[in-house]
Amino acid sequence: MGRWEPNARERLAKAALELYSERGFEQTTVAEIAKRAGLTERTFFRHCADKREVLFAGSSELQELFARAVADAPESAAPIDALAVGLDAVSEMFADRREHARKRQAVITANAELQERELIKLASISAALADTLRRRGVAEPAASLTAEAGVAVFKVGFERWIVAAEEREMAHLMRDSLDELKAVTAGG
């Protein structure tokens, strides 16, 4: 078994997504994921708490990148424009990952437990963004409202990006979604 080979986390994620797509989330075991990845169950549990988490392993990196980009936006940027900087950074993270994202989202959509975990991830991102905005001097409730709006824009832009016929880059779709939000809130 290739358990000492590098990239165990990536191999586990790839194997899990393949198996979840082929058999379904509920019908796939940790043992099967580990075997497909050429690893042991013990190695699986060193990297992931359970079979749900293998799909969400990059969540903390996504959250950190989003919040850091918002924090690093120019001081003069309005809160919603600081979020636009974060959306651009997140879009770069997903470059060349559209097919993976489509498959992952299909697995999540097919399972209520995974949908719940996805909502928890988005709520965590929103809380981190609100905290970042407060540190930038944005008062409440504006910080929380802006953070929630940013997550909604991310969610809508992401869902548009993974549609099979969609070819535009994620950053373009994020900016379009943000412009739509601005138009709606401006009464346009």
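Visitor: Which residues in α8 meet which in α9?

Guide: On the α8 side they are Ala149, Val153, Phe154, Val156, Gly157, Phe158, Arg160 and Trp161, and in α9 they meet Met170, Leu173, Met174, Asp176, Ser177, Leu178 and Leu181, where contact means heavy atoms within 4.5 Å. By class, this contact of α8 with α9 has 11 nonpolar, two polar and two charged residues, counting Ala, Val, Leu, Ile, Met, Phe, Trp, Tyr, Cys and Pro as nonpolar, Asp, Glu, Lys and Arg as charged, and the others, Gly among them, as polar. Please keep in mind that this is a predicted model, in which local features need pLDDT of at least 70 and side-chain atom pairs count only at pLDDT 80 or more, while totals for chains, interfaces and linings use all residues. Residues are numbered from 1 along each chain as its sequence is written, and side-chain values use heavy atoms, with hydrogens and water left out.

Visitor: And what is the angle at which α8 and α9 cross?

Guide: The axes of α8 (residues 142-161) and α9 (residues 170-185) cross at roughly 130° and come within 8 Å; axes are lines fitted to C-alpha atoms, for helices over the stretch in contact, and angles run from 0 to 180 degrees between N-to-C directions. The two helices are therefore oblique to each other, given that angles under 35 degrees count as roughly parallel, over 145 as roughly antiparallel, 65 to 115 as roughly perpendicular and the rest as oblique. The crossing of α8 and α9 is right-handed, that is, the near helix is turned clockwise from the far one by less than a right angle.

Visitor: How do α5 and α9 lie relative to each other, then?

Guide: Their axes come within 8 Å and cross at roughly 160°, which makes α5 roughly antiparallel to α9. The residues of that contact divide into nine nonpolar, one polar and four charged, with Leu87 and Asp88 among those in α5 and Arg175 and Lys182 among those in α9.

Visitor: Switching topic, which residues touch the most other members of the largest nonpolar core?

Guide: Of its 29 residues, Phe66, Phe94, Leu129, Phe154, Phe158 and Trp161 do; a nonpolar core is a set of buried Ala, Val, Leu, Ile, Met, Phe, Trp, Tyr and Cys residues joined through side-chain atoms within 4.5 Å. Two or more residues each come from α4 (59-71), α5 (79-93), α7 (112-135), α8 and α9, and the largest share, seven residues, comes from α8. Apart from this core lies another, of 20 residues, among them Ala8, Leu12, Leu17 and Phe44.

Visitor: How do α4 and α7 cross?

Guide: The axes of α4 and α7 come within 9 Å and cross at roughly 25°, which makes α4 roughly parallel to α7. By class, their contact has nine nonpolar, four polar and one charged residues.

Visitor: And where does Leu122 lie?

Guide: Leu122 lies in helix α7 and is buried, with a relative accessible area of 8%. Leaving aside neighbours within four places in sequence, Leu122 is in contact with Val151, Phe154 and Lys155.

Visitor: Last one: how many helices and strands are there in the protein chain?

Guide: There are nine helices and zero strands, taken as DSSP runs numbered from the N terminus, with helices being H or I of at least four residues and strands E of at least two. Of the 188 residues of the protein chain, 44% count as buried, and the C-alpha atoms fill a box of roughly 55 × 35 × 25 Å, taken along the principal axes.

Methods:
Buried < 20%, exposed > 50% of the residue type's maximum accessible area, 1.4 Å probe, protein only.
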